[in-house]
Amino acid sequence: MTYQISSLEDYKSTYKRSIENPESFWAEQAEHFDWKKKWDNVLQWDFDGPSIKWFEGGKLNITENCLDRHIDTRGDQVAILWEPNNEDDAVRSYTYKELLAEVCKCANGLKSLGIEKGDRVVLYMPMVPELAIAVLACARIGAVHSVVFAGFSAQALADRVDDAQAKMIICSDHNNRGAKNIAVKQVVDDAMDIGCNSVNHVVVHKNTDGDVNWSDDVDQWWHELVDVQSDQCEAEEMDAEDMLFILYTSGSTGKPKGVVHTCGGYMVYTCFSFKNVFQYKEGDIYWCTADIGWITGHSYIVYGPLLAGATTMMFEGVPTYPDAGRFWKICEKHKVNQFYTAPTAIRALMACGDEWPAKYDLSDLKVLGSVGEPINEEAWHWYDQKIGKGNVPIIDTWWQTETGGVMLTPLPGITDAKPTYASYPMPGVQICLVDPDGNELLENNCEGLLCIKFPWPSMLRTTYGDHQRCKMTYFSTFEGMYFTGDGARKDEDGRIRVIGRVDDVINVSGHRMGTAEVENAINEHPNVIESAVVGYPHDIKGQGIYAYVITDEAFDSVGDFIQGVKDVVSREIGPIAKPDKIQIVSGLPKTRSGKIMRRILRKIASGDASNLGDISTLLNPDVVKEIKDNAL
């Protein structure tokens, strides 16, 4: 199995080896997997292209490594353990044997509808086992899966389907989420009315028995398609650099980017990082609370744990349903050993009171993880004291959709942990901080822009259908480096703290939102002339969305107008993108070339308007005082 670091000395020597001879290090990790044909070349790369190829010429199928290779040794071990939204509903579990059979049946179902290697399939589903099964079924036959978070709007779904030119959408009828029942199939129908002309079939999983509209020409029930299939399906032979999946992420321009990950390198890195970041041991119960609609769910609910032969938990619900003890009740019930969640959830549960975690036995916890955004110090200490009782290591992990796996983290029980610091790079990850001119900052105690100067196996290869955008976004800011878009600080011992985005992207509850995307949605409102959106500190979400809006004033009620703006954003993007604050303004601070000075708007939104710098050169300096005086 994949190499697991066991001590601080081991980490230091492993890291040194991985940097001095990365090709030999990653070839050693890749040897642990089943390959149909071994690679011809470990690595070929050029960040200027960019062109990155790992294990070139190697042939494999990732699902054989997730499932088939475990059958002899752990076929009867639970692979996926599923906890439903409603406590009274039955827990479901799938052993490795059972999961392989279900994946093969689903894969055969997809093939029977004409899905072939290279075809794109969009999944728009709640957190049910069928979502993980569908992901693996696509990979089994070489189809490219693109999971879209089932909270996105019909427009956002249609945009992603159209960009990927997907041939199929797999969804559920409805989604149980807390006390809500969400009509998922209806959103898909609405998306089909907007676009999705490439889609031939919509496969619908009967999740709630809720009513749905039906088109016999397009729609197909999951159970009628899948249940009748053979549970044997030969895995498609894939090249290491063939596409595995596309996952869309917001950029600083309005159009979402389809981040492309490939089979071989992603497989090697997600397994290696899972085993080491979580120090997973045989027999452990591992739970990541993320949604598979995000990269965390791809890498650390599905692929990483299954590649490592782990028992991975999926949860359909939310942390506060039916009450604020749900997470801790599940940890007690299933004797969870590794628990991985987002700072947003931690802060929300912290606000509910200490009595909730105190009710439950959390003594099986061995690792507490944090993901999605930097965790603030207060939340870190609460997590440490109230959940870990002061003796469970906390890993504050930093990584991105584009990196495929964790880049910076303490290793539990091995390296030290310091509140708010993601700390140390994973083996093979060559992190550096640079100044605005691209000069590397080699000393400790410095602040700069976070870059990576050498390829790692799970990095993105392109943005789907637009390679130039990939180059411009990640590889053009600093020559010979991948620029993360984040600023960071290094302390006196070299630990790294990620400060946050330096571009026009807001991190709301761990979900990246492009300001342009939100502005475009706001501007769809008939009474909006222009808008500007910035992030501001938010006690629960980390960052909230603050919108400055110029209107035509042709409305009767300000309250109705503000609600109308929120409704438009919900419809265009999804409820997660709704502005927390909307300030009506007569104008926006602009340079004489017409560029909105978001730096000023950010300061006002964060309540720090004491020093706005020189505003005399603005086209309309007077508007700044008006905005400041009326700030929310």
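## A selection tour of the chain

Residues 24 or more positions apart account for 71% of the contacts in the protein chain with a separation of 6 or more. Keep in mind that this is a predicted model.

**Whole chain.** Start with everything selected. The protein chain carries 20 helices and 30 strands. Its radius of gyration is 24 Å, close to the 26 Å that the globule rule gives for 632 residues, so the chain is as compact as a globular protein of that length. Along the principal axes, its C-alpha atoms fill a box of roughly 75 × 65 × 55 Å. The protein chain exposes about 23300 Å². Carbon and sulfur atoms supply 46% of that area. Buried residues make up 62% of the 632 residues.

**The largest nonpolar core.** Select Trp35, Phe55, Leu99, Ile170, Ile292 and Tyr303. These have the most contacts inside the largest nonpolar core, which has 121 residues. Next, show helix H6, residues 129-141. H6 gives this core its largest share, ten residues.

Zoom in on Trp35. What does Trp35 touch, not counting residues up to four places away in sequence? The list is Ala30, Phe55, Gly58, Lys59, Leu60, Ala240, Gly264, Met267 and Val268.

**The second core.** Move to Phe152, Cys171, Ile506 and Val518. They belong to a second, separate core of 42 residues.

**An open sheet.** Select strands S21, S22, S24 and S25. These four strands form an open sheet in the order S21-S22-S24-S25, with antiparallel pairing. Which strands lie at the edges? They are S21 (431-434) and S25 (496-501), each pairing on one side only. From one strand to the next, the twist averages 45 degrees.

S21 and S22 pair in the antiparallel sense over four bridges.

**Helix H13.** Finish with residues 343-352. Is this helix mostly covered or mostly open? H13 is mostly covered, with seven of its ten residues buried. Color those seven: Pro343, Thr344, Ala345, Ile346, Arg347, Leu349 and Met350.

Then bring up the partners. The buried residues of H13 pack against several elements:

- helices H12 (326-334) and H15 (377-387)
- strands S18 (338-341), S19 (367-370) and S29 (542-551)

Last stop: Gly353. Just after H13, Gly353 takes a positive phi of about 110 degrees.

Methods:
Residues are numbered from 1 along each chain as its sequence is written. This is a predicted model: local features need pLDDT of at least 70, side-chain atom pairs count only at pLDDT 80 or more; totals for chains, interfaces and linings use all residues. Side-chain values use heavy atoms; hydrogens and water are left out. A nonpolar core is a set of buried Ala, Val, Leu, Ile, Met, Phe, Trp, Tyr and Cys residues joined through side-chain atoms within 4.5 Å. Buried means under 20% relative accessible area, exposed over 50%, partly exposed in between (1.4 Å probe, protein chains only). Helices (H or I, at least four residues) and strands (E, at least two) are DSSP runs, numbered from the N terminus. Contact means heavy atoms within 4.5 Å. Two strands pair if DSSP finds at least two bridges between them. Axes are lines fitted to C-alpha atoms, for helices over the stretch in contact, and angles run from 0 to 180 degrees between N-to-C directions. The radius of gyration is taken over C-alpha atoms; the globule rule is 2.2 Å times the number of residues to the power 0.38. Accessible areas come from the Shrake-Rupley method with a 1.4 Å probe; for residues, only the protein chains shown count as cover.
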